[in-house]
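Welcome! Here are a few exercises to work through with the model open beside you. Try each task before reading its solution.

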Amino acid sequence: MSKRIEVNDLNVYYGDFLAVEGVNINIEPRTVTAFIGPSGCGKSTFLRTLNRMHEVIPGAYVKGEVMIDGNDLYGPGVDPVLVRRQVGMVFQRANPFPTMSIRDNVLAGVRLNNKRLSKSDGDDLVEKSLKGANLWEEVKDRLNLPGSGLSGGQQQRLCIARAIAVSPDVLLMDEPCSALDPISTLAIEDLIEELKQEYTIVIVTHNMQQASRVSDKTAFFNIAGTGKPGKLIEFDETTTIFSNPTVQATEDYVSGRFG
Amino acid sequence: MSATISPSRQPSGRIANSLTSGQLPRFIEWYMLAGSLALSAVILLLMGFNVAGWLVLAAVIYLIGLGILSSAVENRRKATDRVVRGLVTVAFLLALAPLISTLITVVANGIGSINWDFVTQTSQSVFDPDTLEVTTKVGAWQAIVGTLIITGIAALISIPIGILTSIYLVEYAQPKHWMARTVTFLVDVMTGIPSIVAGLFAFSLFSLIVGPKAFSGFSASIALSVLMIPIVVRSCEEMLRLVPMDLREASYALGVSKFSTITKIVLPTAIAGIVTGVMLAIARVIGETAPIFMAASFTDNFNANPFDGPMQTLPVMAYTGYKFPGQDIAASNASAWGAALLLVILVVILNLIARVVAKVFAPKGSR
């Protein structure tokens, strides 16, 4: 199910402002790739271009190519809705739908796409997705209660369950643990390790220990100064980035000398 | 073990705590209030008593006295706090006074004329062939029906237009787009339209279409929707903007189309606020008199057809009962008060429904 992502010469603009410049990257299927870098360097912006979520922001557009298994996301006639069904996303703040129960939250992606779902199929999907997100044991007795009643870590795992319920090929995570305590963070990191078997995962994180714990490859983004575009500085095996990076800026960042 | 008890470590005297300061007794505000009411009563009894003067003077004495006392015993900060707290409370009571006074007057004057017959029967004159006397029976049924029909049609027109406009403004229009700015500007202007202008507009519009004497309930509904649409647009727009962007993004990220996101995520999340806003808009226009008076005129006859002929409504009934009384002036006035009370009751019922609906639809959860 998981797919390869190929990005060629991608520039991201907000109106006239060039936010991210000249990104070339190849992300292999069934791997975890971490994006690290200082705030404002365009990691999240670039992540959003991988499922066209940047288009939600008025005036944002890209130039360049993003290929998912050879299909260009930005080719003429591409429907962003179809793109997002293949490339799921988990956000920094857990955002379960407040009007829906836990069960309905998990089924939201399928239901809102106007697919008919029998009761038993729905039950199976809910159980499978919640088990996939390591949440089943905690919520199986209260599936009909509102999702916003869960703890922060549980809500974030609910959002992951919701994202994998539509069975995407790629899962993007934008700082999924930044609002969580260490125990919930550990639960999500374990989950990422398991999800890797089936999905291509890209995760943005500010926590370098987290990047070194969960990811196979790491990409370091940096920005030369305010008003300048963010750039991909280095992309390599995680162990190489953290022990023996080729660029000085990367070494400064991962060793804590700046940023 | 020796039987001696170790001497108490606590010093017998008071220790000076550097964090304490002077404090007035706990219920000083109530004592002060009673005191200033009494003092003001005494002063006014010497000069001639009246209730309003008594309360105003008491409030002034209370604020000044409490300020002086508190700054003497306590400190400046606490004195300011107590005075400002008093001022805010007085402002609140002042705002409440006309409301309560109006309610009491309406209930006191209207309660006498409200009975089952008044609510369920239409006004009619009865000619008694034996005594050759004409007696008028007063009823408000035609006005209740008229009010409900006219307001109902106005709501049917305004609510869809209003909600769709606010969806356009919040979900579809770019914030700086000329179309969005024009719509917002026009809505703002429409909010300020005097209701009599809306009535003139509807009346002249239907005069052009139907010809002279174009009184009808429907044209009154048009006048009311001119007043109602901007209120609905405004309140729904606010409510839709309150829906966090996170939820829309979460929905888009699941591959849900924009239309489904709006109908199944955004609207259900905001529905409680939207219902409240719509109900307030209805309550606002249900009491309009001038535009209905112009467009639907008034009548004592029962007319449930909004497309033909004059139609009576409760506010117009209250107005005409006072302004153009029948032969029995007292009965006309009483029916005016009865109509006013019925209108208030109707608005209260609508508000209660709005609250219940808002509660039922509100997103559940412990947040």
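## Exercise 1: Chain A as a whole

In chain A, buried residues make up 49% of the 259 residues. Keep in mind throughout that this is a predicted model.

**Task.** Work out how many helices and strands chain A has, and how its radius of gyration stands against the globule rule.

**Solution.** 
1. Begin with the elements: chain A holds 10 helices and 10 strands.
2. Next, take the radius of gyration, which is 18 Å for chain A, close to the 18 Å that the globule rule gives for 259 residues, so chain A is as compact as a globular protein of that length.
3. For the dimensions, look along the principal axes: the C-alpha trace of chain A spans about 55 × 45 × 30 Å.
4. Finally, consider contacts in chain A between residues at least 6 apart in sequence: 69% of these join residues at least 24 apart.

## Exercise 2: The sheet of chain A

**Task.** Find the order of the strands in the open sheet of chain A, and say which strands lie at its edges.

**Solution.** 
1. Trace the 10 strands across the open sheet of chain A; they come in the order S5-S4-S1-S2-S10-S9-S3-S8-S7-S6, with mixed pairing.
2. The edge strands of chain A are S5 (71–72) and S6 (87–90), each of which pairs on one side only.
3. Now zoom in on S2 (residues 17–27) and S10 (residues 230–237) of chain A: they run parallel and are joined by two bridges. In S10(A), A:Gly230 is the bridge partner of A:Val20.

## Exercise 3: Over to chain B

**Task.** Describe the annotated region of chain B and its helix H13.

**Solution.** 
1. An unreviewed UniProt entry annotates residues 144–354 of chain B as "domain: ABC transmembrane type-1".
2. Over residues 144–354, chain B is 79% helix and 0% strand, and the end C-alpha atoms are 20 Å apart.
3. H13 of chain B (residues 329–361) has 33 residues and reaches 48 Å from its first C-alpha to its last, close to the 48 Å expected.
4. Buried residues in H13(B) include B:Ser335, B:Trp337 and B:Leu343.

## Exercise 4: Where the chains touch

**Task.** Which helix of chain B gives the most to the side that touches chain A?

**Solution.** 
1. Count both sides: the contact takes 25 residues from chain A and 23 residues from chain B.
2. On the chain B side, H9 (245–253) and H10 (258–286) each supply at least two residues.
3. H9(B) gives the most, with seven residues.

How values were computed
Residues numbered from 1 in each chain as written. Chains lettered and ligands numbered in written order. Predicted model: local features only at pLDDT ≥ 70, side-chain atom pairs only at ≥ 80, totals over all residues. Helix = DSSP H or I, 4+ residues; strand = E, 2+ residues; numbered from the N terminus. Expected span 1.5 Å × (residues − 1). Buried ≥ 20, exposed ≤ 12 C-beta atoms within 10 Å, placed from the backbone. Pairing = 2+ DSSP bridges. Rg over C-alpha atoms; globule rule 2.2 N^0.38 Å. Contact = placed C-beta atoms within 7 Å. UniProt positions renumbered as here; feature names shortened; annotations may be inferred.
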